[in-house]
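Dear colleague,

Please look it over alongside the text.

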Amino acid sequence: MKIFIKNMVCNRCISAVEKIFSEADVNIRSITLGEVETETDIPAEKMLAVEKKLLETGFERIMDYTHQLVDKIKNIIILKISELDIDEDFLLSEFLSSKIHKDYSSLSKTFSQNENITLEQFFILHKIEKVKELLLYNEFTLTEIAGKLGYKSVQHLSSQFRNITGFTPTEFKKLKDHQRKTLDSF
């Protein structure tokens with residue numbers, strides 16, 4: 001049985017969801033971001049208990065195909081950004097089409113209609129959130145960050161960062177209150 005779950009965005013999420021299913025005595029065949037496959041069907045009463053625990057933990061079961069698709073797109077984008085391995089010539093359209101095996105224009109339309117934001121805007125916003133995170137960790141220079149996230153130059157990164165946040169990366173680092181958004185707030 002496949003179960004689709006909203007707000008699974010990292011390995012800690014996988015662990016948390018895995019624990020919920022384990023505590024409910026449900027055997028999992030496989031688990032990835034946004035998706036759990038159980039070894040057998042889950043009785044209705046047990047499924048209700050699992051869904052309740054998921055909600056309490058910040059997750060939610062996704063029932064319809066459109067929302068499953070949108071969540072899958074989000075997870076793929078978030079995972080790609082977290083890898084810090086985006087080429088300068090990276091094309092979101094080709095990447096998503098190859099991962100999901102659907103026409104990009106259809107993916108884009110579905111995403112935009114359900115999220116009130118374009119795929120490109122979502123991608124940029126998440127890249128900027130990753131830039132904020134990396135700036136706070138102070139592990140990489142701005143040049144290295146630009147290279148890891150597919151920016152053609154530090155100037156391009158800085159310009160996009162300023163357009164989104166209102167600050168340059170340097171000004172952001174100096175702020176006392178670093179305003180980062182949670183990944184499920186987009």
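Lys2 stands opposite Glu37 in strand β3. This is a predicted model, so read what follows with that in mind.

Strands first. β1 (residues 2–6) and β3 (residues 35–38) run antiparallel and are joined by three bridges. β3 is also joined to β2 (residues 28–32), again antiparallel, by four bridges.

Next, the helix pair. The axes of α5 (residues 104–115) and α6 (residues 119–137) come within 9 Å and cross at roughly 75°. Angles of 65 to 115 degrees count as roughly perpendicular, and α5 and α6 are therefore roughly perpendicular to each other. On the α5 side the contact involves Tyr104, Leu107, Ser108, Phe111 and Ser112, which meet Leu119, Glu120 and Phe122 of α6. By class, five residues of this contact are nonpolar, two are polar and one is charged.

Last, two asparagines with positive phi. Asn116, in the loop between α5 and α6, has a phi of about 55° although it is not a glycine. Its relative accessibility is 72%, so Asn116 counts as exposed. Asn138 lies in the loop between α6 and α7 (142–148), and its phi is near 60°, also positive in a residue other than glycine. Asn138 is exposed as well, with a relative accessible area of 52%.

Regards

Notes. Residues are numbered from 1 along each chain as its sequence is written. This is a predicted model: local features need pLDDT of at least 70, side-chain atom pairs count only at pLDDT 80 or more; totals for chains, interfaces and linings use all residues. Side-chain values use heavy atoms; hydrogens and water are left out. Two strands pair if DSSP finds at least two bridges between them. Axes are lines fitted to C-alpha atoms, for helices over the stretch in contact, and angles run from 0 to 180 degrees between N-to-C directions. Angles under 35 degrees count as roughly parallel, over 145 as roughly antiparallel, 65 to 115 as roughly perpendicular and the rest as oblique. Contact means heavy atoms within 4.5 Å. Ala, Val, Leu, Ile, Met, Phe, Trp, Tyr, Cys and Pro count as nonpolar, Asp, Glu, Lys and Arg as charged, and the others, Gly among them, as polar. Buried means under 20% relative accessible area, exposed over 50%, partly exposed in between (1.4 Å probe, protein chains only).
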